[in-house]
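Have the model open as you read.

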Amino acid sequence: MSDLQITSVTKDFGETSVLKGVTLDVKDGEFISLVGPSGCGKSTLLRIIAGLETPTSGNISIGGKDVTQLRAADRNLSMVFQSYALYPHLTVAENIAVPLQMRQMTALQRLPVLGTVMPGARIQKQDIAEAVRNAAEMLEIGTLLDRKPGQLSGGQRQRVALGRALVRDPAAFLLDEPLSNLDAKLRVQTRAEIAELHRRLKATFIYVTHDQVEAMTMSDRIAVMMGGEILQCAAPDVIYEDPDDIRVAEFIGSPKINILPVERNGTELTVFDQVLSSHFYGDSPKVMQLGLRPEALRLTQSAPLLTGRVVHFENLGSEVFAQVALDSDGSRVTLRAMPAQRQSLGLGAQVGLTFDLSAAMIFDAEGARLRRVELAATRAPEVA
Amino acid sequence: MAVVDHSVAGIAKPKPDNRQARAGWGLVAPALTLMALILLVPIIVAAVLSFTNYSLGNPGFDWVGVQNYERLFTRSTYEKMFIATFTYVVTVVPISVGLGLGAALLVHSLGRIGDIYKTIYFLPVMATLLAMAIAWEFMLHPTIGMVNRTLEMACGTWFEALPFFANGCAEGFPLWLGDRDYAIWVVCFIGIWQGFGFNMVLFLAGLTSVHRELYHAAEMDGARSGWERFRLVTWPALGPTTVFVVTISCIRAFQVFDTIEAFWPQGGGPNKSAYVMMFAIFEKGIQQNLIGIGSAITMLFLLFVMFLTLIQRWLVERKVHY
């Protein structure tokens with residue numbers, strides 16, 4: 001167990017640059033998720049950490065030791081692959097035993113027949129069998145030890161792959177979308193089990209996923225990657241409530257955040273000609289973007305900031321999502337409401353919406369967060 | 001009531017079943033007839049003839065019991081036949097499978113250049129063996145052949161320290177096709193040269209089905225050397241391919257004929273040292289019109305091939321299937 005540093009790592013495949021200088025510090029025992037849309041370079045980054053891919057430039061160090069030039073087998077990391085990559089000809093027990101055999105036994109001891117008569121081989125084998133049993137018990141696959149991977153279900157294979165990773169004591173666990181081949185129900189269950197495993201082992205986990213729910217529910221910190229860069233790396237609640245970039249805000253959160261255009265005319269901030277704040281003295285660009293989470297929007301009858309018609313409606317039982325097409329430009333915003341408000345949200349119903357400026361996030365035209373503008377805008381009424 | 005109902009149903013039921021069975025037999029009849037006519041009947045006829053002294057053109061034949069088989073196991077000609085055949089099989093199969101696997105692994109590890117090697121190694125497979133045999137015959141000619149001329153160039157150099165060259169330079173290099181100690185080995189060499197490209201292509205096909213992520217998993221698990229990765233991933237994944245390649249190679253090795261017919265049309269090499277089974281069948285059954293003994297060798301041949309196929313089935317079902 002040790003911390004892991006990634007320092008300005010880049011990776012080019014021919015002309016295309018997949019990673020554009022990624023820097024990330026992972027603390028000992030931390031569960032960190034690399035999340036982003038497909039093609040953002042998250043899997044490449046994981047494979048560079050593992051040593052299966054060499055970076056074009058930059059460094060990887062584990063426990064303060066530079067391992068950039070070290071091959072994967074010598075880095076003492078464990079990896080769980082998306083396809084599980086179990087050896088099809090070996091039983092579950094043999095699969096889990098492979099990393100121990102490869103590392104603890106000599107080439108002579110591993111020989112099929114001759115190996116058994118080599119000095120020390122018997123004790124080694126007993127130790128390995130013991131370790132395999134422990135790992136299998138931890139994952140509750142003790143009854144499957146004699147089966148071949150071909151006879152297992154997806155969830156069981158996934159556990160075997162986990163077992164193979166945790167049977168030895170690696171510096172960190174690398175998981176490459178391990179849940180993406182499971183069905184929805186099993187995914188939720190395994191998600192909880194992996195998080196619990198992390199708490200029990202207190203080991204460093206680096207978890208690659210494109211599923212924001214997995215990232216939000218399991219991680220200590222989330223690194224949101226896009227276009228070969230880490231846009232933001234922070235705790236899940238910070239990523240959700242206080243994103244640095246409009247792309248982070250748009251990627252995390254379901255349904256997606258609503259983006260509205262904001263303009264500044266003198267001291268007035270306006271959305272579709274509705275005045276948000278008339279005493280804005282801050283320094284800001286003329287055109288900005290306003291980010292509003294669905295739960296920040298409220299239904300209102302008196303003096304609505306936005307008006308529109310309900311065009312789509314989703315009832316999830318505990319909450320209700322309605323898509324409202326705005327009268328001003330026809331763009332759609334998503335609103336989260338309580339089930340009690342269902343009646344006023346029938347398809348085609350005319351609704352008025354309002355929100356608190358303090359719950360909104362303001363970004364510039366390029367998408368960078370403007371925290372000072374937010375501060376000035378929310379404080380302005382008090383000053384006046 | 002229930003009992004009556006049951007019996008009525010019992011009588012009525014077999015009718016559609018019968019009709020379905022009859023339709024089924026009707027549908028497989030053409031395939032069954034063809035199979036019997038062109039596969040089973042000839043084998044049975046050969047089996048029957050192997051117990052007779054029949055010759056083509058004779059009005060009748062006599063039953064001779066197991067006399068033909070007895071000859072196979074007592075006469076020295078047939079002893080030579082078995083020795084030549086098994087020498088060929090035991091030499092050619094492992095070497096051509098091993099070389100095929102080695103070449104496939106090397107070609108697979110190359111990029112585009114691999115295609116060139118693939119073509120080159122596959123050329124002998126595509127060429128007509130009969131024509132190639134004639135080319136080899138010229139090359140192996142004791143005096144004007146390329147092989148011995150090349151070897152002679154080594155005379156007078158340090159090569160003469162080797163006993164083979166010392167002997168060759170003093171008393172002349174081997175006659176190759178005319179020497180009973182060399183003849184069968186030359187045939188083996190040509191068999192390997194001709195056959196391993198085919199095995200390589202089969203192994204290459206097998207290699208493409210190996211999951212790439214398994215190699216990464218092996219690397220993460222600590223398999224450092226190429227040999228360890230081969231043992232952990234490649235070799236087990238090639239199991240089914242290997243069984244198939246070995247069986248095909250064995251059957252092809254038992255069937256060797258054209259080289260021997262091209263080199264020694266009059267009788268299976270010097271002192272019958274390359275008198276393989278296929279050639280024996282041809283010589284006895286066709287050239288000498290001794291259908292009885294020819295059929296007996298054929299039945300033995302069939303037995304070997306059947307045995308190999310059974311081993312293959314057994315291996316495929318038991319050991320390499322997952």
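Two strands pair if DSSP finds at least two bridges between them. Keep that cut-off in hand. The model is predicted.

Q: What makes β4 and β5 of chain A a pair?
A: The cut-off is at least two bridges. Strand β4(A), residues 57-62, and β5(A) have two bridges, in the antiparallel sense. So the two strands count as paired. A:Ser61 stands opposite A:Asp66 in β5(A).

Q: Why are β2 and β5 of chain A called edge strands?
A: They belong to an open sheet of four strands, in the order β2-β1-β4-β5 of chain A, with antiparallel pairing. Both β2 (16-26) and β5 (65-66) pair on one side only.

Q: What holds paired strands together in a sheet?
A: Strands pair through backbone hydrogen bonds, either parallel or antiparallel.

Q: Which strands of chain A pair with β9 in the parallel and which in the antiparallel sense?
A: Strand β3(A), residues 31-35, pairs with β9(A) in the parallel sense, over four bridges. Here A:Ile32 has A:Arg221 as its bridge partner. Strand β10(A), residues 229-234, runs antiparallel to β9(A), and five bridges join them.

Q: What do β9 and β10 of chain A form, and what lies in the turn?
A: They form a hairpin with two residues between them. A:Gly227 sits in the turn and has a positive phi of about 55°.

Q: How do you know that β9 of chain A is mostly covered?
A: Count its buried residues. Six of the six residues in β9(A), 221-226, are buried. Both faces are covered. A:Arg221, A:Ala223 and A:Met225 lie on one side, and A:Ile222, A:Val224 and A:Met226 on the other.

Q: Why is A:Asn76 called partly exposed?
A: A residue is exposed at 12 or fewer such atoms and buried at 20 or more. A:Asn76 has 18 within 10 Å, so it falls in between. A:Asn76 lies in the loop between β5 and β6 (77-80) of chain A. It also has a positive phi, about 60°, and is not a glycine.

Q: What kind of peptide bond joins A:Ser254 and A:Pro255?
A: A cis peptide bond, with omega about -5°. A:Pro255 is in the loop between α8 (246-251) and β11 (258-265) of chain A.

Q: How do you know that the buried residues of α11 in chain B share a side?
A: The buried residues of α11(B), residues 226-237, are B:Leu232, B:Val233, B:Thr234 and B:Ala237. They cover an arc of only 145° around the axis, so they are on the same side of α11(B). The buried residues pack against α10 (212-220) and α12 (239-254) of chain B.

Q: Which residues touch the most other members of the largest nonpolar core?
A: This core has 163 residues. A:Leu174, A:Ile206, A:Val224, B:Tyr88 and B:Val276 touch the most other members. Helix α9(B), residues 183-208, gives the most to the core, with 13 residues.

Q: What does B:Tyr88 touch?
A: Leave out residues up to four places away in sequence. B:Tyr88 then touches B:Ile184, B:Val187, B:Cys188, B:Gly191, B:Ala253, B:Val256 and B:Val276.

Q: How many residues of chain A are in contact with chain B?
A: 19 residues of chain A are in contact with 14 residues of chain B. The largest share of the chain A side, four residues, comes from α2(A). That side divides into 13 nonpolar, four polar and two charged residues.

Q: What makes β15 and β19 of chain A a pair?
A: Again, the cut-off is at least two bridges. Two bridges join β15(A) to β19(A), residues 350-354, so they pair. The strands run antiparallel. A:Leu299 has A:Leu353 as its bridge partner in β19(A).

Technical notes
Residues numbered from 1 in each chain as written. Chains lettered and ligands numbered in written order. Predicted model: local features only at pLDDT ≥ 70, side-chain atom pairs only at ≥ 80, totals over all residues. Arc of directions from axis to C-beta. Contact = placed C-beta atoms within 7 Å. Core = buried A, V, L, I, M, F, W, Y, C linked by C-beta atoms within 7 Å. Nonpolar A, V, L, I, M, F, W, Y, C, P; charged D, E, K, R; others polar.
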